[in-house]
Amino acid sequence: MLAPDDSGEEEPTSRSDRSELQGALKTLASKLDDLCTCNELIAKHGAALQRSLSELEALRVPLEGSEKIKAVNERATLFRITSNAMINACRDFLELAESHSRRWQRVLQHEREQRTHLEETIEQLAKQHNSLERAWREAPTHSTNTPDTPTTHTGVSERPRKEEASDEDEDTEYFDAMEDSPAFITVTAADPSQHRRSQSNQSGASGGQPSDWNLEDHSSPSYNDLSGREVQPRRKRRTRIPDKPNYSLNLWSIMKNCIGKELSKIPMPVNFNEPLSMLQRLTEDLEYSELLDKAARCENSLEQMCLVAAFSVSSYSTTVHRTAKPFNPLLGETYELDRLEEFGYRSLCEQVSHHPPAAAHHVMSQRGWTLWQEITIASKFRGKYLSIMPLGAIHLQFHASGNHYVWRKVTSTVHNIIVGKLWIDQSGDIDIVNHRTKETCQLKFSPYSYFSREVPRKVTGVVADSEGQAHYILSGTWDERMESAKIVQSSRGSSGAEGKQKTVYQTLSPRLLWKKYPLPENAENMYYFSSLALTLNEEEVSMSLTDSRLRPDQRLMEEGRWDEANTEKQRLEEKQRAVRRRREADASNAVDEEFEVDSESGREYEGYQPLWFHQRMDPLTGEMSFVYKGGYWEAKERRDWSMCPDIF
């Protein structure tokens, strides 16, 4: 009987509050009209007063002067009365606005408290509902089975199941998820020892460590114990580069050099760069390649999807402090990373287009996977920040299972371009699809908000099967770590604020998938490079003549000789423009001489063609993309680079 009474009292109250607010708005609007009227009168009388004063100055007859002075006094009196009226109207407006502002703040605070109370009530109802369901499922066990005789009939729990339920009741968390979008939630880790008890198919422990770094568990994905990197490298890689010089950036000198030049010919100094090319930054995606090594050993495709999702997030971990811009690769520039002996893979990148800038990347691993991608960079300057949008699909295929994953990168935003300290944020969605099994993973990168109480750089997601049934919840941050939590039960909840029905997920304790490596010592003076980034510009034996390591301006910048690097950078850019003009002239001559189509072979005139990649139709995305055509590593073994152009 209390519920109807309460609801009956709240409805008139809300209706009276609404009418009071509407009345206040009407009063404020009326006062605003009064102010506008007073403003018009002041302007009118002020103009008349000015005219009277002008006429007074032009008078010469004393009689007329007295009449005009009287008129001026009348005008001044009207002006003073109007001004006083406007001041009083302003005072009334201000007092009314202040009084109702306090009223609105109290109403808003009341609404917030009501919403919080409602959310807590819904969560308690969901937990009670789950407990009732569990008690109903376990009830037949007490009436039909002895304590030592577990039941194996469908729908009836065994005795170990009761203990599992008891432990799960403490470890279980409930998460709200929108029906047509991934569950954007935060998973809080519980005691791993309780988690091990709650899973009856697990045995053994590792000393109750707070994370699963050393667990080889196939029941749910856990963090790799770096087994993919246990092979001792045969070559000692460098661990530092020269410290970044403390050069101040003189904007006036840059502007002075830009006078009278075309925008495309303005040389940007290396002060804005870091001593790596975009091809090398693309190769940094392989920093945590051991995640793919472990994913290749997974027999469960959903667990494999969790590791692939963690790998896709890990590629952003190096960007959190890296506000400097990488060098734009020259057309035909390449970069190889041969880590076959240490980590089992070989990577090759090539700049396949200059306008728009596009790079093709291919990685072959002896540990059961192949990755390839073509990335085109699109950017938009929006005043205070710069949006960088990588376009193109990333493909990952596992050799044993044939699972083929495809996803795309999110948008990167560089803030405080004009004034302030630069900082980078990642935002948007990543949809990973396994095209063999049709399983999906939806990841959401939450944009940073000053007013949000969420964890900064938050990433959340859901792994679902081909029918859309959720199996894992992913959570973490793109700069630090990712975790997965196995869903054991889901149930329908109440409608959310937008009218969509929510789903309450019951999960086990989260498991660590990936954690960022700490930065090397003195990283702040070495462009915040990671351990892998420090080795990317290290010279190799028998490199291609177009390799980024041989680029002179980049090498000079790394050595701290920035003035020489700026001169060399300008020379390379002018050389590239000359080559482009020559190529365009050749194409124009071919058209003029009617050689665009060869009359005998029917072959069209071909412009620039990359050396190691060719363009093919992607059967999964329906887009044209550059894929590796082979031959690079064979040429390296022969040490034959005669086919390479002279770009440096």
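Let's start with cavities, meaning sets of points on a 1 Å grid over the protein atoms alone where a 1.4 Å probe fits but cannot get out. By this rule there are three of 30 Å³ or more, where a volume is the space filled by probe spheres set on the points, with grid points joined across faces, edges and corners. Keep in mind that this is a predicted model, where local features need pLDDT of at least 70, side-chain atom pairs count only at pLDDT 80 or more, and totals for chains, interfaces and linings use all residues. Residues are numbered from 1 along each chain as its sequence is written, and side-chain values use heavy atoms, with hydrogens and water left out.

The largest cavity has a volume of about 90 Å³. Which residues line the largest cavity? Lining residues have an atom within 4 Å of a point, and here they are Asp285, Phe311, Ser312, Ser315, Tyr316, Leu371, Gln373, Ile394, Trp407 and Lys409.

Now to the packing. A nonpolar core is a set of buried Ala, Val, Leu, Ile, Met, Phe, Trp, Tyr and Cys residues joined through side-chain atoms within 4.5 Å. Buried means under 20% relative accessible area, exposed over 50%, and partly exposed in between, with a 1.4 Å probe and protein chains only. The largest core has 63 residues, and Trp369, Leu396, Trp407, Ile432, Leu443, Phe445 and Leu474 have the most contacts inside it. Helix α8 (residues 301-314) supplies the largest share of this core, nine residues; helices (H or I, at least four residues) and strands (E, at least two) are DSSP runs numbered from the N terminus. A second, separate core of 13 residues includes Ala360, Phe613, Tyr628 and Trp641.

Last, some backbone details. Most residues other than glycine have a negative phi, and most peptide bonds are trans. Here a cis peptide bond joins His355 and Pro356, with omega about -5°, and Pro356 is found in the loop between β5 (345-354) and β6 (357-365). Lys438 has a positive phi, near 65°, in the loop between β12 (423-434) and β13 (440-445).

Note on methods. On a 1 Å grid over the protein atoms alone, a cavity is a set of points where a 1.4 Å probe fits but cannot get out, and a pocket is an open set with protein on both sides within 12 Å along at least five of seven lines; lining residues have an atom within 4 Å of a point.
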